[in-house]
Amino acid sequence: MRLKLEKRPEPSLLMLVAAPVASVLLTMIIGVVVFDLIGIKGAKAVMDIFLTPILSPVKWQDVAAKAAPLIIIALGLSVGNRAQVWNIGAEGQYVIGALAAAGVGIAAGASGGPDVLLLMIAAGMIGGAAWGGIPALLRTRFNVNEILSSLMLTYVALQVLGFMVGGPWKDPNGRNFPATAPLADNQTLPIIVPGTTIHLGVAVAVILPFVFWILMSRSVFGFQIRVVGSAPNAARHGGFDAGRTIWLAMLIGGGMAGLAGSLEFSGMLHKIDLGFPSGYGFTAIIVSFLGRLNPIGCLVAGIVMAVTYVGGQMAQTSVHIPNSTAGIFQAMMLFFILASDILVRYRVRLLPSAKTVGAGE
Amino acid sequence: MQPSQTPRLELIGITKRFPGVLANDQVTFSVLAGEIHALLGENGAGKSTLVKMIYGVMQPDAGEIRWDGKRVVVTNPKAARKMGVGMVFQHFSLFEAMTVLENIALGMDASIPARDLEAKIVAVMRQYGLKLEPHRIVSTLSVGERQRIEIVRALLLNPSLLIMDEPTSVLTPQEVDQLFIVLRQLAAEGCSILYISHKLHEIKALCDTATILRGGKLVDTCDPRVETSRSMAEKMIGGSLKDIQRGASKGFGADKLVVQNLSVAKDGHFGIPLRNISFRVRAGEIFGIAGVAGNGQNALLLAMSGEVPCDDASVTVDGVKVGRMTAKQRRLAGVASVPEERNGHAAVPEFSLSDNAILTARDRLGMVTGGMINKRASVTYAGEVITAFAVKSTGPAALADSLSGGNLQKFIMGREIMQKPAVLVVSQPTWGVDAGAAGAIRQSLVDLAATGSAIVVISQDLDELLSLCDTLAVINEGRLSKPMPVADAKIEEIGLLMGGVHGEGAIHAA
């Protein structure tokens, strides 16, 4: 028997949904097997990472808080990924966005309220977009690959963060720790579910996917992104400019990452320290693909990914495995989703092995 | 040479099925030694599939192949070559940056020292009168010369069956004549030739036998010398041919499209620059541009569609300078275009037909309000195109990918024509399209011209241009010859122009 890949007459809708689900399930199965092999209770670990956060309502607020930035960043990245513009630097744009929001907050001094908060968030989006604009400029002007430039700019952003929180913006009352002063109450986002940490940013993360969904499926802009991604020559023929598309994709990706950064800062953490960058910008890449570059898919995938984050922390105490285990699971999911992607357009057929009677041999 | 009793190649009941189509259905025929055998059929009739099975690229699902009377299974092309089958593909596999000799050496199964190989190549070329300089870089060669490399490559193996897949689609009439001399010499020496084509007059001139396929089935095996082109064409399409209907000639109107000293730098290392191209097309006129592939046709289409900007004054439409306008602005100014490549250029394969209608019709037909697409308008328009151009599909929601080449081309042509453009520029409008659809497309161009539009047809198919156009010019190495009325055009002169030989009657605009 041998395997043969055959192109499907049209993409399989079943596989479109089944592939991400199967990826999550396969990740869980492999997790159980591998942990058992290295002498850790695999079933328990996988249960804790994937299921306990869903089953215990006290953990829901943690899941919501983690899912919000992932969803918002992934929405922006999906736009770029659709257009085959690969922004790998959302982490840096997230950091710069948060710093820009912090700058506005510090400049506003004691004043606060909705106006200042809106300004902070706008500054966050502009900061992130500006950071994302650098790779766009390099790509359109000098043909520099945006994968490399956006990734490298992340490390620049981390240095900027270290400099700002360790220098000009260091909390004067902070016992010399490199961190900004905590935000005053009038500069923090309101909590929308009393008694929890669920802030206004979570609501934004629930609403935005629907906005993006309409934008991508109904607007000329969404059409442009889809055409450029699937047939660049046809896009040019249809009058869509490739350079403009790169700019738009990078600015939106950066702007969303910046928005997520400013919301996380003003809604969740209230200060920026060296631990502020927690990898949301990288994990959101996985969310974007797990969600099939579809805005609603990103909403679901963001929640799944947040579950593994929260679960990873729980497994630390319950089965004594490092928190970074969650990262391994997340990477495994991305691996499976990318590998199973081919099944959407192709199907596997089993063929009897051909008899190899050589002609003239 | 007297043909021997056992055929060289026999196909018995060959059947090949792909998902959703039966590509070959119980095909049975044989090729004698020294016979030039035509394999005739429309696109999608199953010619290529059949040949790929003979050459070992695919395996038949049922049926058997016999070689000199013995049953064989051709596992791969290497086994086919060993058996004595040579093949010259329609699309060449050559490295542009390497020499002729290097390219041939790379394609050999056995490794032969360069000097011996060169001697062999020179011997083969002398034997068949194929002119080729072994140390020339391929990128400097014409398409005809490139094809000669492929032929030499096949002949070095002393094949007893040579398969030629659409060999003349890229050649000038003179090059075709040269090729036929070589093929006749080969046949006289006992080599069988399986000649795939849909150009009927060539088959009449060259072949001893013709096997006609339609929809994967063998319809007839006949003697092309006693058939007429029309009778063979009708067997091929399984119906009767329609002639182009022209209204009474009303003469031409004012200049619509004027191209003046258009020059475009070359795109990429092996691209062709356009040099001082000038021509004018009047309302109601169909202007043909003939030429061998790769002589700047693509660059010319991109310069007309606005995908590549040019000097402002070099292109005017109704007196308005459009040279610097983008593709979108040019469309609004009334210029529509259809590029040669359907999939990925004229249309997005994985988009529905209605989304493909949005691609080029959104601005002219008001499918966009406030940045949002009016889906209903696009579905309605796609439906209208499908009906008016008899596009076989499941409707506006069908993916472009799911249509056959001919149907997709009809849709694309319809999409542009129904926008009633002032100027329509099309490249290879009937490339790879079956005879029935090609007739419909040509008729629609004639009808559009009758409404007062100016039409430019860029094509490698000289017969098509001669039957369709009012005026004709030839493009060669990015230069355009002096336009001539089709009524006065001489095939020999056009052929010379296509080959880059410029007679006194055709002085360059350059």
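Helices here are DSSP runs of H or I with at least four residues, strands are runs of E with at least two, and both are numbered from the N terminus. Axes are lines fitted to C-alpha atoms, for helices over the stretch in contact, and angles between N-to-C directions run from 0 to 180 degrees. A contact between two residues asks that their C-beta atoms, placed from the backbone, lie within 7 Å.

Before we go on, a word on what you are looking at. This is a predicted model, in which local features need pLDDT of at least 70 and side-chain atom pairs count only at pLDDT 80 or more, while totals for chains, interfaces and linings use all residues. Residues are numbered from 1 along each chain as its sequence is written, and chains are lettered from A and ligands numbered from 1 in the order in which they are written.

Strands count as paired if DSSP finds at least two bridges between them. Between S11 (residues 255-264) and S12 of chain B there are six bridges, in the antiparallel sense. One place to look is Leu257(B), whose bridge partner in S12(B) is Val281(B).

S1 (residues 9-18) and S4 (residues 62-67) of chain B run antiparallel and are joined by five bridges. There, Thr15(B) stands opposite Ala62(B) in S4(B).

How do the domains of chain B meet? An automatic or database domain assignment sets the bounds, giving domain 1 (9-237) and domain 2 (255-352 + 409-498). Their centres, taken over C-alpha atoms, are separated by 32 Å. In the contact, 15 residues of domain 1 of chain B meet 13 residues of domain 2 of chain B. On the domain 1 side, helices H6 (173-188) and H8 (229-237) of chain B each supply at least two residues, and H8(B) gives the most, with three residues. That side has six nonpolar, seven polar and two charged residues. In these classes, Ala, Val, Leu, Ile, Met, Phe, Trp, Tyr, Cys and Pro are nonpolar, Asp, Glu, Lys and Arg are charged, and the others, Gly among them, are polar.

The axes of H5 (residues 90-108) and H7 (residues 146-166) of chain A come within 7 Å and cross at roughly 30 degrees. H5(A) and H7(A) are therefore roughly parallel, a term for angles under 35 degrees, whereas angles over 145 count as roughly antiparallel, 65 to 115 as roughly perpendicular and the rest as oblique. Residues in this contact include Val95(A) and Leu99(A) of H5(A) and Leu158(A) and Leu161(A) of H7(A). By class, the contact of H5(A) with H7(A) has ten nonpolar, two polar and one charged residues.

In the other pair, the axes of H8 (residues 200-218) and H13 (residues 295-318) of chain A come within 7 Å and cross at roughly 150 degrees, which makes H8(A) roughly antiparallel to H13(A). Pro209(A), Phe212(A), Trp213(A) and Met216(A) of H8(A) meet Pro295(A), Ile296(A), Cys298(A) and Leu299(A) of H13(A). This contact has eight nonpolar, no polar and no charged residues.
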